[in-house]
Amino acid sequence: MNTKITVSSASSSNWIPVNTVQKDFKISLGLEVSGTGVYKVEHTFDNPFTTASPVAFPHSVLAGISASTDSNYFFPVTAIRLTCTSYTSGSGILTIVQGNS
C-alpha cells in the first residue's frame with residue numbers, strides 16, 4: 001500500500017485502514033508540511049468501518065509537527081489519519097507505505 005492524505009484546513013482526514021494481518025507489520029510515514037500549520041498523525045485500534053467514532057490516539061513522534069519529518073509504526077494499528085490542529089496556510093501531506101507480506 002502506498003497512500004497519500006492531504007489536509008488543508010483545521011480538520012481531520014478520513015481514516016485509512018491498514019493491513020493488520022501481515023506477518024511482519026511495519027508502516028513508514030512521511031509528513032510533508034508546507035505553509036503554516038500544526039499537524040499530528042493519529043491511529044486507532046477500532047474498526048473504522050464498524051465503529052461510528054473510533055478512538056484516536058496520537059502517534060508518539062508525529063504530534064505537534066510544523067515541519068516535514070518521518071517516522072513509522074512497528075506494531076499493528078487498524079487505521080491512520082492526519083489531523084491539523086492549527087491552520088493558517090498551506091497543507092500537510094501524509095504518505096503511508098506498507099509492504100505486502
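Me: Which residues does V18 touch, once residues up to four places away in sequence are not counted?
Reply: V18 touches M1, F25, I27, V77, T78, A79, I80 and Q98. To touch, or be in contact, means having heavy atoms within 4.5 Å. A word on the ground rules: this is a predicted model, in which local features need pLDDT of at least 70 and side-chain atom pairs count only at pLDDT 80 or more, while totals for chains, interfaces and linings use all residues. Residues are numbered from 1 along each chain as its sequence is written, and side-chain values use heavy atoms, with hydrogens and water left out.

Me: Why is V18 called buried?
Reply: Buried means under 20% relative accessible area, exposed means over 50%, and partly exposed is in between (1.4 Å probe, protein chains only). V18 has 11% relative accessibility, so V18 counts as buried. Its place is the loop between β2 (16-17) and β3. D70, 52 residues from V18 along the chain, has its C-alpha atom 18 Å from that of V18.

Me: What makes P54 buried or exposed?
Reply: P54 has a relative accessible area of 15%, so it falls on the buried side. P54 sits in the loop between β3 and β4, and beyond residues up to four places away in sequence it touches W15, T44, D46 and P48. S68 is 14 residues from P54 in sequence, yet 27 Å away in space, C-alpha to C-alpha.

Me: And why is G99 given the label it has?
Reply: Its relative accessibility is 45%, and therefore G99 is partly exposed. G99 lies in the segment after β6, where it touches Q22 and K26, leaving out residues up to four places away in sequence. From G99 to S66 the C-alpha distance is 28 Å, for a separation of 33 residues in sequence.

Me: How do you know what the secondary structure of the protein is?
Reply: From DSSP runs, numbered from the N terminus: a helix is H or I over at least four residues, a strand is E over at least two. By that rule the protein has 0 helices and 6 strands, which read β-β-β-β-β-β along the sequence.

Me: What makes a set of residues a nonpolar core, and how many residues has the largest one?
Reply: The members are buried Ala, Val, Leu, Ile, Met, Phe, Trp, Tyr and Cys residues joined through side-chain atoms within 4.5 Å. The largest such core has 20 residues, and L29, I80 and L94 have the most contacts inside it. Two or more residues come from each of β1 (2-7), β3 and β6 (79-98), with β3 giving the most, 6 residues. L94 touches, among others, I5, L29, L31, V41, I80 and L82, residues up to four places away in sequence not being counted.

Me: How do you know that the radius of gyration agrees with a compact globule?
Reply: The radius is taken over C-alpha atoms, and the globule rule is 2.2 Å times the number of residues to the power 0.38. For 101 residues a compact globule would be near 13 Å, and the protein has 13 Å, so the two agree. Along its principal axes the C-alpha trace spans about 40 × 30 × 20 Å, and 37% of the 101 residues count as buried.
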